[in-house]
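Please read them alongside the structure.

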Amino acid sequence: MTLDQWTAVDQYFDALFVPSDPALEAALHASTEAGLPPANVSASQGKLLMLLAQLQGARSILELGTLGGYSTIWLARALPAGGHLISLELNPDYAAVARQNITHAGLSAVVDIRVGPALDSLQRLVAEQHPPFDMVFIDADKRSNADYVTWALKLTRLGSLIIVDNVVRDGKVIDGDSTDPSVVGTRLGNDLIAAEPRLSSVAVQTVGSKGYDGFVMAIVTGE
Ligand code: DHB
Ligand code: MG
């Protein structure tokens, strides 16, 4: 099986289940125009995130790694009236593109993008005693995944859902000898999740237009 086949099947399912959407299309277009890396989730993955947030009944969502705000839009659309999403982004240029995309999607009142190192913003959220988030989507630099999960645990409650993106990386994740910082960081994050008695977790491998990758899903089962 090849990326071409996975992409064709993604297109087939997108045509069935993920109808083209002007705000999302515009967000991708603006992100490409601005030179952002194409590290956004696929349309089907974005819809999956929205459905998971809806299943979760999420009223508050924390995202790590805004990029151009594509997944942010999907997640924010799952929120009921009065819900909110905070998204953390290191790069101010990316955050500016994301803000425009989110405004264009009519979600600027729901989404708060905080610029700076995610670890600083996370520390601040804890310091300001932000109420526990119902869902956390970890999709920033992979080197810090273990730290991000540790902070996510401080900012969630019994029953919260934590999702970590890009945990397969073309299968490179199984290489314990890898010196690739993203692989090392992903493995450290996975080990931390596995050893964490407060989490019940599983990994889901995916193929599609974004290649061979996957995500970890964890429910907070203890406090
Ligand atoms: C990369 C990061 C992502 O979050 C993603 O979904 C795809 C690729 C990257 O760093 O290459
Ligand atoms: Mg990602």
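**Notes on the predicted model**

1. Helix α6 is followed by Gln129, and the phi of Gln129 is positive, near 55°. The model is a predicted one.

2. Within α6, which spans residues 118-127, the buried residues are Ala118, Ser121, Leu122 and Leu125. Viewed down the helix axis, these buried residues fall within an arc of 100°, so they line one face of α6. The cover over them includes the strands β1 (60-64), β2 (84-89), β3 (111-115) and β4, together with helix α7.

3. The magnesium ion (ligand 2) is coordinated by Asp139 (OD), Asp165 (OD) and Asn166 (OD1), at 1.9 to 2.1 Å. The spacing of these donor residues in sequence is D-x25-D-N. Asp139 sits in the loop between β4 (133-138) and α7 (145-154), and Asn166 in the loop between β5 (156-165) and α8 (181-195), so the pair ties together parts that are 27 residues apart in sequence. Asp139 and Asn166 are both buried.

4. Which residues are around ligand 1? They are Ala39, Asp139, Lys142, Asp165, Asn166 and Arg169. Asp139 and Asp165 also coordinate the magnesium ion (ligand 2).

5. For the polar contacts of ligand 1, a polar side-chain atom of Asp139 lies 2.7 Å from an oxygen atom of the ligand. An N or O atom in the side chain of Lys142 is 2.9 Å from an oxygen atom of ligand 1, and for the side chain of Asp165 the corresponding distance is 3.2 Å. Taken alone, ligand 1 exposes 290 Å², of which the protein buries 61%.

Definitions and conventions
Residues are numbered from 1 along each chain as its sequence is written. Chains are lettered from A and ligands numbered from 1 in the order in which they are written. This is a predicted model: local features need pLDDT of at least 70, side-chain atom pairs count only at pLDDT 80 or more; totals for chains, interfaces and linings use all residues. Side-chain values use heavy atoms; hydrogens and water are left out. Donors are N, O and S atoms within 2.8 Å of the metal (3.2 Å for Na, K and Ca); water is not among the atoms, so sites may look incomplete. Helices (H or I, at least four residues) and strands (E, at least two) are DSSP runs, numbered from the N terminus. Buried means under 20% relative accessible area, exposed over 50%, partly exposed in between (1.4 Å probe, protein chains only). The arc is that of the directions from the helix axis to the C-beta atoms. Contact means heavy atoms within 4.5 Å. A residue is near a molecule or strand if one of its heavy atoms lies within 4 Å of it. A polar contact is a pair of N or O atoms within 3.5 Å; within protein, one must be able to donate a hydrogen and the other to accept it, and residues adjacent in sequence count only if both atoms are side-chain atoms. Accessible areas come from the Shrake-Rupley method with a 1.4 Å probe; for residues, only the protein chains shown count as cover.
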